[in-house]
Amino acid sequence: MYGKKVKLRALFISLLLVSVILSIFLVLKSLEENVIYFQSPTEIRNLSEIDNKKIRIGGMVKDHSILINPDKITFVITDFKNEINVSYSGAVPNLFEEGKGVVAEGFLKDRNFFIADKILAKHDENYMPPEVKEALEGK
Amino acid sequence: MLFSQLGYYSLIFALIFSVILIPTVHRDLKIVNNVINPNILTVVFLQLFLVLLSFICLVISFINSDFSNETVYNHSHTTKPLFYKISGTWGNHEGSLLLCLLILILFIFIFLLTSKKEPKKYRIFTLLFQQIIIIGFFLFLLITSNPFNYLFPIPTEGLGLNPILQDPALAIHPPILYLGYIGSSIIFSSSLAAITQNYVNNKWAKNLKNWVIVSWFFLTIGIMLGSIWAYYELGWGGFWFWDPVENISLMPWLCLTALIHSIIVLEKRSLLASWTLILSITSFTLSMCGTFLVRSGILNSVHTFANDPKRGIFILIFLFVLILIALFIFFVLYKPKKEQQKNFLFSKETSILLNNCFMMYFLSVVLVGTVYPIFLEVIADEKISVGPPFYTKLLIPFLIPFLILMTIGPNTKWIKDNFNFINVRLILLFIISILLSYLILREIGLRGLFSTVLIGSALYLFFITVMDFFVKNQINLSQKISHFGFSLLVLSIILNGIFSSEIITNIKVGEKYDFKRGSIYFEKINNFEKQNYISIVGTFRIYDDNGKEIYLKPELRIFNQPKMITSEADIKTSFYSDKFLVMNLVKGNDFYNIKYQTKPFMIWIWLSTIILASGGLVNFFYKKIK
């Protein structure tokens, strides 16, 4: 009925279409799995249930809360309303300090306890992660 | 003082030259001949000279620490070493824009000089479109970010350059990267000019290819330098982190890589013309979007300079104007020629088209991962980030067909190839590669079909490209070198990923830390006074798994202005692997936080990137030799 050329072109276009749809589906699905939400200590306090997804917590490192031993560092993140204990064993950025902003990435154990596997580096003395800034301004 | 004034006024005069150019060009367009009015060249040359003068003035202001200049005040300091005073010129927003402007004009000047055989109107229109971009940059510079703002009273001391930027790799990283980014502006302008002149043909493609390769080369090297810097200066201890700013440089790179391939099809077979145009326009748009996202402070990252919303809006408007012009020209003025040539399923064209499909897929993944968080924040006010697993999961599986295609594609013929699937040599080599990869993996106790096939196909490409070097007929030498470099790059990245190990611990001076296969002994700490920082050097004695003793001396630098600590990793590089040790200080504690990493084949990642990039250069030199 149709010429060979038309058939070939139709085949090509449909193949392209299928692969485009497939890749969009793949990208979206993978995105859903790998998105990390950002939360403040107050938001965590108000959580109805704790799931085991990776999250980020931002706030200030509470004064006199950093404790170090050979395996781990523990400290408290506060947004001046609520606090959360963080336990971390990994490399710390240079500007990790008491009374300074911090963003920790990891998993919640319960509402008061967070196990971090990454602390995000700041590269500037005056720079504050926008998340922290907002969390602090919202207080 | 004097130099700031001189710099400022030469910028304004250079802008006036842009305006003068328009009537001159208009007059010249009416004259039917094939030589551009020499006055036009003179005007562009004068413009180049003035902007260069302005740039030199800024450099001199930095060298003299002239704090009456606001930019110098914000980013320099008298105790800074001379080298970083100079590199500080482009280590900030205003200076880097001035450098961009300089490169924009330099490139169009070079374009005019090297395109004498091209049709006159096409050259003039390229100049016109480039001047639109140049005027945009001029206005942006003069209105929102003048590098020569005057400060009174004159401060006695500057605020200093961010210490993490005080590094040799980062001193040359921005100029090289800009050469890549801005190189794509010529591709953009000349594509638009070619559309208006109905000059989208193989001759055009042949000449434009050089520009594509030049900007691709610089972009590759620029990205690599940034990556090396992040490796040792930020203490991240790796080569790629899917940081938004890294992604933003990767996107135009992927687009340019696709363009290099599609433009060859246009050159040799007069096919894929529209697609090539779309890629040319997209490459530049992506470069500009990168500038917008980084400069406006939407993406917070290492590169975020002082944010000013006004700047963001300006770039956004500018970007929209450029995109609108491009879309208008593409959809309204472009008259595609009917592509009469026959296509067959098995040909070089098809394999290049497939390559482009893969590139576009890689590009979309990176784009989605980078833009989605911004999008969600604006739409739903939710803050998220996308982690590295997103990229690795989506990109790595597709590397397998991509690698195999890279081996088969270049060996197919144009137009029609009776590709023989029962080619003994190819099949045998593939089996050997898979077997070898299986053996390697078994040796280290890892198994899995996926990794076997992945390493196998990388090895396959490696062998095929090596064999191709010994084929007498050395056409496409640059393609062979680049593909060889790519196979080496993929191999080293995979092996690096598999064999890397790291140990993180908190340790006091004089203590020893034992780990599974060795130990780290923190011997001592020394302080040194340097020109603008205090250096704290720790000495660590490390016993490795094979009982070898090595000393690593990571350093902390406490800068005076601005007050900031940076850590310099100590890296022992060898042929097979890097030993990497970085030390961090937690204030008010005796403990030092250390990270010790074994990173195999690190040097091969840098080397193979250089090989990959040099494939582009060979293209120029090889022609000359012939």
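In this predicted model, chain B holds an open sheet of 4 strands, ordered β2-β11-β10-β9. The pairing in this sheet is antiparallel. Chain B also contains a contact between helices α13 and α15, whose axes come within 9 Å.

**Sheet of chain B**

- The edges of the sheet are formed by β2 (501-507) and β9 (570-573) of chain B, and each of these strands pairs on one side only.
- On average, neighbouring strands of this sheet are turned by 10 degrees against each other, with direction ignored.
- Strand β2(B) is joined to β11 (residues 592-600) of chain B by 7 bridges, and the two strands run antiparallel.
- Asn506(B) has Asn593(B) as its bridge partner in β11(B).

**Helix pair α13(B) and α15(B)**

- Helix α13 spans residues 388-408 of chain B, and helix α15 spans residues 449-469 of chain B.
- Their axes cross at roughly 15 degrees; angles under 35 degrees count as roughly parallel, and α13(B) and α15(B) are therefore roughly parallel to each other.
- The crossing of α13(B) and α15(B) is left-handed.
- On the α13(B) side, the contact is made by Leu399(B), Ile400(B), Leu403(B), Ile404(B), Met406(B) and Thr407(B).
- On the α15(B) side, the contact is made by Val453(B), Leu454(B), Ser457(B), Ala458(B), Tyr460(B), Leu461(B) and Ile464(B).
- Of the residues in the contact of α13(B) with α15(B), 11 are nonpolar and 2 are polar, with no charged residue.

Conventions:
Residues numbered from 1 in each chain as written. Chains lettered and ligands numbered in written order. Predicted model: local features only at pLDDT ≥ 70, side-chain atom pairs only at ≥ 80, totals over all residues. Pairing = 2+ DSSP bridges. Axes fitted to C-alpha atoms, helices over the stretch in contact; angles between N-to-C directions. Parallel < 35°, antiparallel > 145°, perpendicular 65-115°, else oblique. Left-handed = near helix turned anticlockwise from the far one by under 90°. Contact = placed C-beta atoms within 7 Å. Nonpolar A, V, L, I, M, F, W, Y, C, P; charged D, E, K, R; others polar.
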